[in-house]
Amino acid sequence: MSVDAVLSRIADIRSQIDALRGGTTTAAGPASSEGTSGAFADALATATGTSTGAATTGTAATDSATRTPATSVDAGRGTLATGSGATGSDVVEDAKKYLGVPYVFGGTTRSGMDCSGLVQTVFKDLGVTMPRVVPDQADMGVPVGSLKDAKPGDLIIPKGEQHIVIYVGDGKVLHAPRPGKDVRIVDNWYKDSDIATIRRIVPSEAAAPTAARSVPTTGAAQSVTDLQTAALLSAMRGSAA
């Protein structure tokens with residue numbers, strides 16, 4: 001590219017920069033923005049010998065790499081089931097819907113349910129898959145150190161793993177007791193010495209909002225920077241020739 005051609009090209013780009021800085025638009029509206037982007041792409045391709053297709057592909061690859069992975073809705077050992085978005089408070093509120101349901105061994109419906117049937121049903125309501133029986137439920141989620149660390153929605157399993165209750169908070173639990181009784185909230189009668197494990201299946205609180213991912217500057221300001229870069233690269237290439 002000759003020096004005259006470079007200078008002419010720079011003059012054209014400066015005119016576009018001045019128009020962008022002054023907020024000048026043409027009657028074509030959106031087409032003007034496309035033209036500006038095209039001018040930058042042409043100048044940059046001329047100066048570097050690259051194509052816009054590669055840049056587009058790179059951007060797509062970056063977006064794909066930063067995409068948040070899916071989270072689980074299945075209860076698992078040593079992990080919280082975060083996929084449903086449910087919290088411990090949601091567990092308690094859903095369990096309260098079953099207050100008054102009679103105890104029925106093996107039951108999982110409003111017609112009757114047992115202690116582990118109640119737990120499985122509550123988590124199913126919230127979109128979390130839980131095992132059916134107490135020993136398996138006692139392996140799910142993450143362990144909680146002691147009663148003083150328990151949060152609403154945690155599960156308390158006594159030694160022997162023959163029963164399971166939902167901690168409500170304030171020293172109370174919700175459970176399906178035994179035949180002849182119904183689902184109810186009572187004062188927690190367990191001591192730490194009575195307990196085999198306390199399990200947290202979902203987060204006790206909602207996760208804090210994540211910071212917005214930084215994205216490249218767009219619009220007129222980015223176009224000005226791009227055009228200046230293109231002009232400089234074009235001038236350097238022309239001078240080298």
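Which residues have the most contacts inside the largest nonpolar core? They are Leu118, Phe123, Met130, Leu155 and Ile201, in a core of 31 residues. A nonpolar core is a set of buried Ala, Val, Leu, Ile, Met, Phe, Trp, Tyr and Cys residues joined through side-chain atoms within 4.5 Å; buried means under 20% relative accessible area, exposed over 50%, and partly exposed in between (1.4 Å probe, protein chains only). The model is predicted, and local features need pLDDT of at least 70, side-chain atom pairs count only at pLDDT 80 or more, while totals for chains, interfaces and linings use all residues. Residues are numbered from 1 along each chain as its sequence is written, and side-chain values use heavy atoms, with hydrogens and water left out.

Helices (H or I, at least four residues) and strands (E, at least two) are DSSP runs, numbered from the N terminus. H5 gives the most, with five residues. Apart from this core lies another, of ten residues, including Leu147 and Tyr190.

Leaving aside neighbours within four places in sequence, Leu155 is in contact (heavy atoms within 4.5 Å) with residues including Val119, Phe123, Met130 and Ile201.

Val91, Asp94 and Ala95 of H4 meet Val122, Phe123 and Asp125 of H5 in a contact.

Two loop residues have a positive phi without being glycine. Glu161, between E4 and E5, has a phi of about 50°, and counts as partly exposed because its relative accessibility is 29%. Asp170, between E5 and strand E6 (172–175), has a phi of about 55°; at 79% relative accessibility, Asp170 counts as exposed.
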